[in-house]
Amino acid sequence: MRVVLVQPSLEDFYATPHRLSALGGFSIKALLEKQGHSVELINFPLMGKKPRKTALPDYASHLTPYLLEEKGPVSYFTDWCRWGPDPNASARIILDKSPDLVLVSLFAYAYGEEALALGRAIKELSRPGQILPIVVGGAGVTVRPEYFTAEPSLDLILAGEGEVLFSDYTLEDIRALALGPTRLIRGERYCEAGEMIPLFSSTSRGRNHVQVATLLSRGCPRGCRFCSNHLTQGKRMRRIEPAQVEEAFCRFLRQAELDRNNKLTLDLEDDNLLMNKNYFRDVLERLNRVWCDEGRNGEDLFFTAENGMDYELLDRDLLVELCRKGFRQFNFSLASANPQLAERENRFYRPDALAEHLAFLKEKEIPSVTYFISGLAGDSRVSTAEALSFLASLPTTLGISLFYAVPGLPGFDGHDPLGGNPAGMCRGSLAYPWNGTLSTESLITAFRLSRLINLLKDRSQAAFHEDLIASIFRDNRLYTYDRHKKKIPVVHQDGDLVKDVLNSITFR
Ligand code: B12
Ligand code: SF4
C-alpha cells in the first residue's frame, strides 16, 4: 500500500520552522515501518525557504486595531504568514504520488483549519472516481474529534496515540474503515513505555551546527490546570528506556553523517524532565558517552529543554551537574508569579528558589529564559504587573505566553467548549481573552512590556534604542518603530498596565 503521511502547512504570525520537528509524524512513520510498510512523510511547513505573507483569517479580526506596520524591540506580531504550500499546492503534491491512503498528523488543535482545508483540497482535486481515503490523527484531533468528523472530506479520525491505534488496527483495517461509514476511532488505552520508539528529528542544519529534537516521555501526573498534555497522553508518566535512547542516538549519529567537528544541540522537548532525576542523569550520561565514543569532543554536545524545567525540582548541585553535562541555557517554567494564581493552576510558586538559581546562572554567565502565562483564569492587571516587575528584577529573559484554550481544559469542556469559536482561535498569538480576565489590549500590552523589559536588560541593545526607551519612561506610554525605524506611538495600549509596570521596575 502506498502511504503518504503529511504534517499540513500552518498559518500563524510566528513559527520557528527549525522547531517544526514533526515528532508525531516521525513516530507514526517509524511505527508503520516497523510493521513492514513503506511510508513517505511530507513535512509541509518546512517546505520552501521562507514563510509567505497571507490574508489574516476573519476570526482574527479582533486583532486589527492592534496590528501596526511596525518592527523593533517592543513590537507585537505584524504579518500573518503561511509556512509551506497552500492547500491546493499541497494536495497536488500528495496526489502526484498516487497514494492509496493519506495520513494527516495534526500536532495542535489550534491548526485544525489547516487540516480541514487540506482535506477539502485533496478531495476537490482528486480524479473523478478516485478512491483516496484521508485519515487524520494527532494531539490536535484527539482533544475534540467531533470538530473534524463534521468535515465530510476527512474520512476517518483517529483519536489517541499512534502506538495504540496501529497496534489495535492494521493499516489495511484502517483503510477499509475509512472507506466505510465509521467516522471516528478512539484509542482505548495509553501506550506503554516499551511501545514508544525513541526519535531524533533534525530541525536545522547549519555548516557547523545541527539542532535536533527528541521527547523522552509521555504523560504527566502533575495536572497543571492550563495544560492539555494529559488529554492525549494521560496522567501516568512513561519514559523510554535509557538503553533504547542510547541506541537510537547512536543510530541517528551514524545516519546524520555529521562532520567530526560539528556541534549538536539536543532539545529535550519534555517539560517535566526533573520528575525522575536519576533517569534524567542516566540519559544525559549515555548521550554524552555515545557522542564521545564516536570520537567527538564532549564540549560540542549541548542540551536545552525548550519547554521549560521545573525550577522547584532543581537544586544547586543538580544545576552544576547539568551545566557540566552540557546545558548551556536554562528555560524555567514559572506559570504564574502570583501565589494564589499559581495555586489555582496547581503550580508551586517559590520565588526564592528561582532567584537563587538565576543568580547562580548569572554568575556563571549562563543564559536563562523564564516562562510565564498571561491571561489565566483569576489573572488581573495587578497580577500581570506583579509578574512583569518580579521578572524584571531577576537576571533572566522573560518568555511570556498568552493563555490559549484547548478543548477539554477546565472551563472549556462540554458540547460547545469554545463558545462557537473556530479551532484557529486557540493560537496563543491571537491574544484572545479566553478567561475574560485580561482583554486583548491588556494581553498585547503585557507582551510588549515583556519585550521592553528584555530590551532594558540587554545593555548593548538598550544603548542602541536609548531614545525609544527615554520616550516610553518620560510619557509613561509605549512607543514602537514603524518600518522605516521612525518612532511612533502604540495607538491602543492598556495605559494603566503600562504605568503600573514602568513605575515598579526596580532595576533601572
Ligand atoms: C515540541 C512541542 C512543540 C514544538 C514543536 C511542535 C511539533 N511540530 O511537534 C513547538 C515549540 C513549535 C510547539 C509549538 C506550539 N505548541 Co506545542 N508541544 C510540543 C510538545 C512538548 C511535544 C510534541 C511532540 O513532539 N510530541 C511527541 C509526539 C510523538 O507526540 P504527538 O505529536 O502527540 O504524536 C502522537 C499522537 O498524537 C499520535 N499521532 C500524531 N500524528 C498522528 C497521525 C495519525 C494518522 C495518527 C493515527 C496518530 C497520530 O501518535 C503519536 C505517537 O503517540 C507537546 C507536549 C507533549 N508532551 O506532547 C506540545 C503540544 C503538542 N503543543 C501544543 C500547542 C497548543 C502548541 C502551540 C500551537 C501553542 C499555541 N497555541 O500557540 C504552539 C505553536 C506555536 C507556533 N507558532 O509554532 C499543545 C497541543 C494541544 C492540543 N492537543 O491541541 C501541546 C500538547 C502542549 C500542551 N500541553 O498543551 N510545540
Ligand atoms: S508539569 Fe508540564 S506537562 Fe505536567 S501538567 Fe504541568 S505543564 Fe503539563
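**Entry 1: cavities**

I counted the cavities and came to 6 of 30 Å³ or more. On a 1 Å grid over the protein atoms alone, a cavity is a set of points where a 1.4 Å probe fits but cannot get out. A pocket, by the same grid, is an open set with protein on both sides within 12 Å along at least five of seven lines, and lining residues have an atom within 4 Å of a point. Grid points are joined across faces, edges and corners, and a volume is the space filled by probe spheres set on the points. Rolling a probe the size of a water molecule over the atoms shows where empty space is left.

I note that this is a predicted model, where local features need pLDDT of at least 70, side-chain atom pairs count only at pLDDT 80 or more, and totals for chains, interfaces and linings use all residues. Residues are numbered from 1 along each chain as its sequence is written, chains are lettered from A and ligands numbered from 1 in the order in which they are written, and side-chain values use heavy atoms, with hydrogens and water left out.

The largest cavity holds about 70 Å³ of space. I listed its lining: Arg225, Phe226, Glu345, Leu376, Ala377, Phe403, Leu409, Pro410, Phe412 and Asn435. By class, that lining has 7 nonpolar, 1 polar and 2 charged residues. Ala, Val, Leu, Ile, Met, Phe, Trp, Tyr, Cys and Pro count as nonpolar, Asp, Glu, Lys and Arg as charged, and the others, Gly among them, as polar.

**Entry 2: second largest pocket**

I read a volume of about 660 Å³ for the second largest pocket. Its lining has 25 residues, and Pro395, Leu456, Lys457, Asp458 and Arg459 lie nearest its centre. Two or more lining residues come from each of helix H13 (351-363), helix H15 (440-457), helix H16 (459-464) and helix H17 (466-475). Helices (H or I, at least four residues) and strands (E, at least two) are DSSP runs, numbered from the N terminus. The lining divides into 13 nonpolar, 5 polar and 7 charged residues.

**Entry 3: ligand 1**

I found 41 residues around ligand 1, with Tyr14, Ser105, Tyr109, Glu163 and Ser228 the closest. A residue is near a molecule or strand if one of its heavy atoms lies within 4 Å of it. The shell has 19 nonpolar, 15 polar and 7 charged residues. H1 gives the largest share, 4 residues.

Then I looked up polar contacts (pairs of N or O atoms within 3.5 Å; within protein, one must be able to donate a hydrogen and the other to accept it, and residues adjacent in sequence count only if both atoms are side-chain atoms). Ser105 puts a polar side-chain atom 2.7 Å from a nitrogen atom of ligand 1. Ala139 has a polar backbone atom 2.9 Å from a nitrogen atom of the ligand. For Cys426, a backbone N or O atom lies 3.0 Å from a ligand 1 nitrogen.

**Entry 4: ligand 2**

I listed the residues around ligand 2: Cys220, Arg222, Gly223, Cys224, Phe226, Cys227, Asn229, Asp271, Asn272 and Arg347. By class they are 4 nonpolar, 3 polar and 3 charged.

**Entry 5: single residues**

I began with Leu31, in helix H1. Leu31 is buried because its relative accessible area is 10%. Buried means under 20%, exposed over 50%, and partly exposed in between (1.4 Å probe, protein chains only). Leaving aside neighbours within four places in sequence, Leu31 is in contact (heavy atoms within 4.5 Å) with Gly162, Glu163 and Ile197. Met196 is 165 residues away in sequence, yet its C-alpha is 8.8 Å from that of Leu31.

Asp267 sits in strand S15 (residues 263-268). At 8% relative accessibility, Asp267 is buried. Beyond four places in sequence, Asp267 contacts Val212, Ala213, Thr214, Thr304, Ala305 and Glu306.

I checked Ala335 for its backbone angle. Its phi is near 70°, a positive value in a residue other than glycine. Ala335 lies in strand S17 (residues 330-335) and is buried at 4% relative accessibility.

Asn476 also has a positive phi, about 55°, although it is not a glycine. Asn476 lies in the loop between H17 and strand S20 (479-482). Its relative accessible area is 21%, so Asn476 counts as partly exposed.
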